[in-house]
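This briefing is meant to be read alongside the sequence and the structure shown below. The points that follow are grouped by topic.

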Amino acid sequence: MDQAIQKGDAIMGASRRLIAATGWKMNNDAAATRRYAAELYQRLAGLRVGSLELYVLPPFTSLAAAAAAFAPGPVAIGAQNMHAEDAGAWTGEVSAPMLVEAGCRYVELAHSERLAHFGETYELVRRKLNAALRHGLVPILCLGETAEDRTAGRADAVLCAQLDTALADQPAERIADAILAYEPRWAIGAAAAASPEHVAARHGAIRAQVARRWGAAAAAAVRIIYGGSVTPANGGALVALADVDGLFVGRAAWTAAGYAAMIDVVSRAATIKGVPT
Ligand code: PEP
């Protein structure tokens with residue numbers, strides 16, 4: 001992996017803290033969460049975690065177990081979704097203040113499964129993102145083109161439209177309070193991740209759009225992480241890229257051993273990119 005990382009590639013990202021994160025989807029009940037945390041702590045003892053930003057996104061019903069188990073740090077917790085309103089007649093929903101009370105620091109928004117199976121739109125995501133920021137949560141804003149978009153050559157246009165819609169209400173100084181997650185919809189739960197060339201081009205396009213719309217300082221500060229079929233084998237070459245500020249992992253980090261392996265990959269990249277670990 002180390003050979004895949006060239007110092008010159010990393011100049012732009014040198015000051016941005018790298019992220020190793022995982023979303024568990026509908027996996028890991030409370031007991032499994034406690035086992036995961038106990039094993040992860042054992043494995044973290046052998047790793048250089050330093051200033052890496054680490055978080056797991058359990059299902060709602062495992063948040064209490066996760067908050068207790070991960071209380072010593074350095075792994076923070078977040079949710080996979082939230083409602084845009086703070087309270088009210090929204091049966092089955094959970095609000096930003098409730099997530100804060102549950103110990104969440106992060107909330108994932110616009111995951112492709114929310115868009116595909118629950119009818120979410122980026123207009124709705126904008127309202128959720130506004131509420132998340134208002135309550136001090138860090139929104140992880142997923143951006144991604146479909147396979148059809150990619151084939152039609154409109155991936156960057158789609159990503160820019162998603163970005164512009166979801167962040168429409170935010171001033172330049174709030175942009176880096178969110179984390180952008182490039183997750184090509186065709187690469188999620190797939191056999192292979194997007195290629196480093198594809199990821200470099202899309203992350204570059206997203207950062208360029210942030211610069212155009214919110215200015216150079218926001219573009220230099222905002223973290224853009226990659227997700228979609230990341231594994232310890234392919235993650236090193238992806239997180240080595242200048243505009244990639246971390247990895248967002250599904251299946252490969254649903255076990256503590258898998259997440260520890262991904263943290264190790266990001267930690268090695270941080271050393272080579274010159275981000276303190
Ligand atoms: C995801 O669902 O956001 C994801 C990245 O999943 P996987 O790593 O399993 O493709």
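In this predicted model, the side chains of Tyr-106 and Glu-53 make a polar contact with each other, at 2.6 Å. Tyr-106 belongs to strand S4, which covers residues 106-109, and with a relative accessibility of 2% it counts as buried, since the cut-off for that term is under 20%.

**Surroundings of Tyr-106**
- When residues up to four places away in sequence are not counted, Tyr-106 touches Glu-53, Tyr-55, Leu-57, Ala-76, Ile-77, Gly-78, Ala-79, Leu-137, Val-138, Ile-140 and Ile-179.
- One of these residues, Ile-179, is 73 residues apart from Tyr-106 along the chain, and the C-alpha atoms of the two are separated by 9.4 Å.

**The ligand and its surroundings**
- The residues around the ligand are Lys-25, His-111, Glu-183, Ala-187, Ile-188, Gly-189, Gly-227, Gly-228, Ser-229, Phe-248, Gly-250 and Arg-251.
- In the side chain of Glu-183, an N or O atom lies 2.8 Å from an oxygen atom of the ligand.

**Helix H1**
- Helix H1 comprises the 15 residues 30-44 and reaches 21 Å from its first C-alpha to its last, close to the 21 Å expected at 1.5 Å a residue.
- Its buried residues are Ala-32, Thr-33, Tyr-36, Ala-37, Leu-40 and Leu-44, and because these fall within an arc of 135° when seen down the axis of H1, they line one face of the helix.
- That buried set packs against strand S1 (19-23), helix H2 (63-69), strand S3 (75-79) and helix H11 (256-273), whereas the face of H1 turned away from the buried side carries the exposed residues Arg-35 and Gln-42.
- At the start of H1, the backbone nitrogen of Ala-31 has a side-chain oxygen of Asp-29 within 3.3 Å.

**Helix H10**
- In helix H10 (residues 232-239), the buried residues are Gly-235, Gly-236, Leu-238 and Val-239.
- These residues pack against helix H8 (196-214), strand S7 (223-227), strand S8 (246-249) and H11.

**Gln-80 and Lys-25**
- Gln-80 sits in the loop between S3 and helix H3 (96-101), and, leaving aside neighbours within four places in sequence, it is in contact with Trp-24, Lys-25, Leu-57, Pro-58, Pro-59 and Glu-108.
- A polar atom of the Gln-80 side chain lies 2.9 Å from the backbone oxygen of Lys-25, and the backbone oxygen of Pro-58 lies 3.3 Å from a polar atom of that side chain.
- Lys-25 is found in the loop between S1 and H1, where its phi is near 55°, a positive value in a residue other than glycine.
- With a relative accessible area of 25%, Lys-25 is partly exposed.

**Other backbone features**
- Ala-110, in the loop between S4 and helix H4 (112-118), has a phi near 70°, which is a positive value in a residue other than glycine.
- Ala-110 counts as buried, at 3% relative accessibility.
- The peptide bond from Gly-73 to Pro-74 is cis, with omega near 0°, and Pro-74 is found in the loop between H2 and S3.

Methods. Residues numbered from 1 in each chain as written. Predicted model: local features only at pLDDT ≥ 70, side-chain atom pairs only at ≥ 80, totals over all residues. Heavy atoms only, no water. Helix = DSSP H or I, 4+ residues; strand = E, 2+ residues; numbered from the N terminus. Expected span 1.5 Å × (residues − 1). Buried < 20%, exposed > 50% of the residue type's maximum accessible area, 1.4 Å probe, protein only. Arc of directions from axis to C-beta. Contact = heavy atoms within 4.5 Å. Polar contact = N/O pair within 3.5 Å; in protein donor to acceptor, adjacent residues only side chain to side chain. Near = heavy atom within 4 Å.
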